[in-house]
Amino acid sequence: MISKTQLRTGGQILIDQLIRNNTELAFCVPGESYLDALDAMYDKKKILKLINARHEAGAANMAEAYGKLTGKPGIAFVTRGPGACHAAIGVHIAFQDSTPMILFIGQVSRQAEGREAFQEIDYKQMFNPIAKWVTQIDNAERIPETVSRAFRTALSGRPGPVVVALPEDMLKDKTNAQLVPNFTKEKSDVRTASVEKLKELFSKSKRPLLLLGGGSWSDKSVNSICKFAKSNNLPIATTFRRLDCVTLKNENFVGDFGTSGPTSLINNMKDVDTLLVVGARLGEMTTQGYEMLKPPTLSQNLIHVHISSEELGKVYTPILGITASPEEFTEKIENEIISNCSNFIEWLRKLRKEYQKDKQPKPYKTKLDLGKAFLDLRNIVPKDCIYTLDAGNHSGWPQRFLNFGRPSRLIGSTCGSMGYGVPAAVAASILFPKRLVIGFVGDGGFMMSGLELGTAMQYNAKPIIIIFNNENYGTIRMHQEREYPGRVYGTNLKNPDFCALGESFDAFTQQVNNTKNFIPAIKKAMDSKKMSLIELSVEKNQLSTRFYLDDI
């Protein structure tokens, strides 16, 4: 118990308040602008573990991945100026992906502010467009109040990032400020009238679709929505990179919208008459550039359930809008039965058959048949495997051919940021050391953040990193080939020896250039009990899971 007369530094109060809010893990790149916070962490290192990354973008991405995996705010510390700029990408990901996160940034001393001091930036101007709240603590007595509000803001409504600037001299000030109790979020109740209206709309439907997405799902809510879908013969689809919103091998699952799902599902959307969207914002990627679903009013009866009332009607006008988290909503409906649900059986069978057909690709034209390789991979991984994705066409192979769904997790940036996959895999392996973690990344993305293998080495994390090496920025090249045939420019890459680089981090490494060696390499990596790096030699002309250069 801290005495009301006991003086502590701002740094000590900050760390104590983080611990009061159940913070057990934080990510950072150290900086002189928050030395007093680091010093305070030294005394609490048995309670709050600090992971120092190799780059501020890596630290921010690790914190964001932590938020996705736990539902708690991921915590990152970075230094002022350049450190904050590097970390901005993680804040942008958290904002677009609706992930709770708090970024603490060291700031110039208060007496130097406004003079363009060394590395000085006005963080309120810089981060306001991509954060839920940006603030600066100028008075050490207000640290508990501000940190408590930061947690509440990151978690309330639509989750997202908060940015808190910490003037370095403020962290040295001594005060007897008292800690604030941990924030607990109260549940709201879904009205019975809303559930009855939903059932009435479905009872008049012939071709319904349940679309799941967003970042606020728990294992419990996933199980509840899948139970509701199974009892009512409802087909389930997921939004872009939200494939773990279902349970593993769910018989009602018919694909995802985005870059890797079956094209037949996109075509079938015109036949859907009732669309229940739970948790998702219906963004540009999911709606195919707002063309598959054209705002503001849809031809389908739109029932939109979202944790934030501000999202209901923001782009698409629902016939029924329900403000609730996935867990609040699914608790209310999991045992409900729609009166004519037997009429949906043939529609579900049609969509399911098309989805399963899409999971069986034609043989590829290359020595390394990635379609077959990933169909084989899904048969040897444990059910609770955690997958992380980087941006790029390479992510289509795991998304299209692996089996996702709880207890398995899929962690990827829906904002399409490169350099996410490796830091996210490292964070996942640190957080869940007993679970298999596989990170997928292209050669371009790996070159942006691959040195976070050093973080994995330092903290004994053991992810398997699979690099798709096609010696170019594949997604952009595909667009060039389609839009400007024969005029490829600025997308070729000359890469290092990835396996030698992996070995320098004490990783098990193997290069794979044909199908038969893929699964043996994965098994060796799993048996090695080490961090591993598998390099896949992918032909440049294999542009995606569906297109070889000759095809376009």
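Biologist: How many cavities of 30 Å³ or more does the structure hold?
Modeller: One. A cavity here is a set of points on a 1 Å grid over the protein atoms alone where a 1.4 Å probe fits but cannot get out. Before going on: this is a predicted model, where local features need pLDDT of at least 70, side-chain atom pairs count only at pLDDT 80 or more, and totals for chains, interfaces and linings use all residues. Residues are numbered from 1 along each chain as its sequence is written, and side-chain values use heavy atoms, with hydrogens and water left out.
Biologist: How much space lies in the largest cavity?
Modeller: About 60 Å³, where a volume is the space filled by probe spheres set on the grid points, joined across faces, edges and corners.
Biologist: Which residues line the largest cavity?
Modeller: Among them are Ser98, Pro159, Trp217, His306 and Ile307, along with Gly213, Gly214 and Gly215. Lining residues have an atom within 4 Å of a point. The lining has four nonpolar, seven polar and no charged residues. Ala, Val, Leu, Ile, Met, Phe, Trp, Tyr, Cys and Pro count as nonpolar, Asp, Glu, Lys and Arg as charged, and the others, Gly among them, as polar.
Biologist: And pockets? What volume has the second largest pocket?
Modeller: About 570 Å³. A pocket is an open set with protein on both sides within 12 Å along at least five of seven lines. It has 28 lining residues, and the closest to its centre are Gly71, Gly215, Ser216, Trp217 and Ser218.
Biologist: How do the lining residues of the second largest pocket divide?
Modeller: Nine nonpolar, eight polar and eleven charged. Strand 16 supplies the largest share of that lining, four residues. Helix 3 and helix 10 (326-333) each supply at least two. Helices (H or I, at least four residues) and strands (E, at least two) are DSSP runs, numbered from the N terminus.
Biologist: Where does strand 16 sit in its sheet?
Modeller: Strand 16 (409-412) is an edge strand, as is strand 19 (508-512); each pairs on one side only. The open sheet has six strands in the order 16-15-17-18-20-19, with parallel pairing. Two strands pair if DSSP finds at least two bridges between them. Strand 18 (residues 464-469) and strand 20 (residues 532-537) share six bridges, and isoleucine 465 has leucine 533 in strand 20 as its bridge partner.
Biologist: Which strands does helix 3 touch?
Modeller: Helix 3 (residues 56-70) touches strand 15 (386-389) and strand 16, and its direction makes about 150° with that of strand 16. Contact means heavy atoms within 4.5 Å. Axes are lines fitted to C-alpha atoms, for helices over the stretch in contact, with angles from 0 to 180 degrees between N-to-C directions.
Biologist: Last topic. How many aromatic pairs does the count give?
Modeller: 14. Rings of Phe, Tyr and Trp (its six-membered ring) pair if their centres lie within 6.5 Å; planes under 30 degrees apart count as stacked, over 60 as edge-to-face and the rest as tilted.
Biologist: Why is the pair of phenylalanine 253 and tyrosine 355 classed as it is?
Modeller: Their planes are at 75°, with the centres 5.2 Å apart, so the pair is edge-to-face. Phenylalanine 253 is in strand 11 (residues 253-256) and tyrosine 355 in helix 11 (residues 345-358), 102 residues apart.
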